[in-house]
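Could you walk me through this model, with the cut-offs behind each term? Here is a short tour, starting from the charged pairs.

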Amino acid sequence: MIVIAIIGILAAIAIPAYKYFIIRAKVSEGISLASAIKLAVGETYDSEGFSPDSNGAAGIADSATISGNDVMSVTISGISAGLIIITYGVGAPPEIQSDTLLLSPSTTLGAIQWTCKPGSIDNRYLPSICRS
């Protein structure tokens, strides 16, 4: 009986931790999909001297939607130049559906550094590269 009680306690601790791990992996899909847009933002900055404020300004067709299993869209914001918005869709777990993750560029001596910001996504679901 004691062994069964110990296994039950361990399972009660491990299952929620596993759930957070799975959701963080799904959030990471958006960061991977954003790599093409990060490259386009960097190339635009290098050639034009400014960060683009839309997919079209970065040389990515506006009609082309970058999406995945859990990601509804990855786009460059019209509000802030170079800001990439990752929006999670219907295929994502309910905890992150329609939430956003932001990748914000900053330039230092001609190099672009990317900062991951939570947007509307809960901090506990952020992958390790987004947590500080």
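Lysine 26 and aspartate 70 form a salt bridge, with their closest N and O atoms 3.8 Å apart; the term stands for a side-chain nitrogen of Lys or Arg within 4 Å of a carboxyl oxygen of Asp or Glu. Lysine 26 belongs to helix α1 and aspartate 70 to the loop between α2 and β1, so this pair ties together parts that are 44 residues apart in sequence. Helices (H or I, at least four residues) and strands (E, at least two) are DSSP runs, numbered from the N terminus. Aspartate 70 is buried, at a relative accessible area of 7%, whereas lysine 26 counts as partly exposed at 28%. Here buried means under 20% relative accessible area, exposed over 50%, and partly exposed in between (1.4 Å probe, protein chains only).

Please keep in mind that this is a predicted model: local features need pLDDT of at least 70 and side-chain atom pairs count only at pLDDT 80 or more, while totals for chains, interfaces and linings use all residues. Residues are numbered from 1 along each chain as its sequence is written, and side-chain values use heavy atoms, with hydrogens and water left out. The predictor's confidence in each residue, pLDDT, runs from 0 to 100. The protein chain averages 86, and 96% of the residues score at least 70. Among the elements, β2 has the highest mean pLDDT (92) and α2 the lowest (87).

**Salt bridges**

| Lysine 26 | Aspartate 70 | 3.8 Å |

Glutamate 95 is partly exposed, with 28% relative accessible area, and lysine 19 is partly exposed at 42%. In the remaining pair, arginine 124 is partly exposed with 42%, and aspartate 122 is partly exposed with 34%.

**The sheet and its helices**

Four strands form an open sheet in the order β1-β2-β3-β4, with antiparallel pairing; two strands pair if DSSP finds at least two bridges between them. At the edges stand β1 (71-76) and β4 (111-117), each with a single partner strand, so one side of each is left without a neighbour in the sheet. On average, neighbouring strands of this sheet are turned by 20° against each other, direction ignored. Axes are lines fitted to C-alpha atoms, for helices over the stretch in contact, and angles run from 0 to 180 degrees between N-to-C directions.

Which residues pair across the strands? β1 and β2 are joined by five bridges, and serine 73 has threonine 87 in β2 as its bridge partner. Threonine 87 also stands opposite threonine 100 in β3. Strands β2 (residues 84-88) and β3 (residues 100-108) are joined by four bridges, and isoleucine 85 has leucine 102 in β3 as its bridge partner. Helix α1 (residues 2-33) packs on the sheet and touches β1, β2, β3 and β4, its direction making about 145° with that of β2. Helix α2 packs on the sheet too, touching β1, β2, β3 and β4, and its direction makes about 145° with that of β4. Contact means heavy atoms within 4.5 Å. As for cover, four of the five residues of β2 are buried.

**Two residues in their surroundings**

Threonine 44 is placed in helix α2 (residues 35-48) and is buried, at 8% relative accessible area. Leaving aside neighbours within four places in sequence, threonine 44 is in contact with Gly49, Phe50, Pro52, Ala57 and Ala58.

Serine 106 lies in strand β3 and is partly exposed, at 34%. Not counting residues up to four places away in sequence, serine 106 touches Ala111, Ile112 and Gln113. The C-alpha atoms of serine 106 and lysine 38 are separated by 12 Å, with the two residues 68 apart along the chain.

**The disulfide**

The structure holds one disulfide, a term for a pair of cysteine sulfur atoms within 2.5 Å. Cysteine 116 and cysteine 130 form it, with their sulfur atoms 1.9 Å apart. Cysteine 116 lies in strand β4 and cysteine 130 in the segment after β4, so the pair ties together parts that are 14 residues apart in sequence. The link is right-handed, with 75° about the S-S bond, and both cysteine 116 and cysteine 130 are buried.
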